[in-house]
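Here are some notes for a colleague who is opening this entry for the first time. Please keep the sequence and the structure in view while reading the points.

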Amino acid sequence: MDPSTTGGGRRGLTAAAVPDLVAAARDGRSRAVGRLLSLVEDESPLLPEVMRTLAPHVGHARIIGLTGAPGVGKSTSTNALVAELRRRGDRVAVLAVDPSSPFSGGALLGDRIRMSDHATDSGVFIRSMAARGHLGGLSWATPQAMRVLDGAGFDVVLVETVGVGQSEVEVAGHADSTVVLLAPGMGDGIQAAKAGILEIGDLYVVNKADRDGASKVRRDLRSMLALAERPDQAWRPPVLMTTAASGDGVAAVVDALAEHRDWLTATGELERRRVRRVRDEIEALALGALRRRWEAVGSDGRLDRLARAVVAGESDPYAAADSLLPDA
Ligand code: GDP
């Protein structure tokens with residue numbers, strides 16, 4: 001069976017077909033990339049095989065996080081960034097993560113609208129992913145999906161997340177570089193401070209520079225960022241302005257991302273961030289596995305028996321919990 005064909009095959013996929021599927025994805029076949037991402041979304045039992053096959057190929061992509069409140073212009077900016085990155089010869093994957101959406105599978109309307117600019121370009125892959133419903137939510141599914149896209153050979157993986165509190169912070173944890181997007185007329189700097197985004201941005205972009213108030217947002221943001229204490233050699237996040245709708249200022253954002261990348265590499269911070277990220281990934285996988293075991297314990301009555309023993313004074317909660325843990 002050609003692993004890149006669609007329909008009917010997802011469930012029938014076997015471990016033996018995984019290397020062909022990965023090879024097809026690395027050849028730039030979007031359907032194969034899409035099928036690998038579906039395995040992530042489905043929490044497929046084939047994932048360990050997929051990750052093992054991808055392992056020698058990961059670590060090449062620049063992972064860029066883009067976050068901001070709804071309406072600031074994330075989709076528009078993503079589109080413009082993709083166009084600029086393509087101009088520079090990069091293969092680009094976009095992962096749009098919506099922590100609140102129950103939908104998945106790349107069929108969201110927004111996808112198709114955005115896709116239309118890049119629809120005929122095989123160097124661009126765009127996919128929406130719903131994080132809800134996964135064990136561990138964002139922390140489980142996003143790194144797996146990023147690993148797939150990295151291993152598939154994309155030069156840049158852009159992870160776009162709707163800014164809803166915790167998810168922004170999580171995206172920053174997953175990315176090499178995090179771009180925080182703001183716009184005038186949206187609560188501006190005050191909201192920025194509240195949401196805690198002043199700590200997570202490597203780059204701040206005030207979009208809708210064509211609108212009144214954009215310069216004030218930049219001024220406010222700059223003075224707030226200036227209050228943060230940073231060691232001498234630390235990265236100082238620039239505050240840029242764009243009009244994503246026309247593409248104005250977007251090339252400067254890509255330049256600043258390249259500068260941040262150079263800084264990350266020169267200081268060893270890239271390696272530190274990646275190790276931190278994979279630690280979280282391993283932890284999320286281990287906790288997921290543990291939780292599944294506990295569910296089994298819950299369903300076979302063992303947890304009830306332990307609880308009854310504690311209630312009866314024959315055991316205590318610590319000893320009971322210990323007896324559930326593996327010896328690792
Ligand atoms: P998202 O919700 O953050 O993804 O924001 P969208 O990209 O969907 O943009 C929200 C609205 O702002 C849309 O109506 C866009 O057309 C508009 N928009 C995006 N960028 C700009 C810009 O640079 N200037 C202006 N005036 N409007 C923009």
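How many Å separate an oxygen atom of the ligand from a polar backbone atom of A244?

1. In this predicted model, an oxygen atom of the ligand lies 3.0 Å from a polar backbone atom of A244. Taken alone, the ligand would expose 580 Å², and the protein buries 68% of that area.

2. The ligand has 15 residues around it, of which G71, K74, S75, T76 and D210 come nearest.

3. Helix α5, which covers residues 74-87 and so has 14 residues by the DSSP assignment, reaches 20 Å from its first C-alpha to its last, close to the 20 Å expected at 1.5 Å a residue. Its buried residues include K74, S77, T78 and N79, and just after α5 the residue G89 takes a positive phi of about 95°.

4. Two backbone angles deserve a careful look, because most residues other than glycine have a negative phi. E43, in the loop between α3 (30-41) and α4 (47-54), has a positive phi near 50°, and this residue is partly exposed, with a relative accessible area of 28%. K208, which is not a glycine either, has a positive phi of about 60°, and K208 is placed in the loop between β6 (203-206) and α10 (214-227).

Methods: Residues numbered from 1 in each chain as written. Predicted model: local features only at pLDDT ≥ 70, side-chain atom pairs only at ≥ 80, totals over all residues. Heavy atoms only, no water. Helix = DSSP H or I, 4+ residues; strand = E, 2+ residues; numbered from the N terminus. Expected span 1.5 Å × (residues − 1). Buried < 20%, exposed > 50% of the residue type's maximum accessible area, 1.4 Å probe, protein only. Near = heavy atom within 4 Å. Polar contact = N/O pair within 3.5 Å; in protein donor to acceptor, adjacent residues only side chain to side chain. Areas by Shrake-Rupley, 256 points an atom, 1.4 Å probe, with all protein chains shown as cover.
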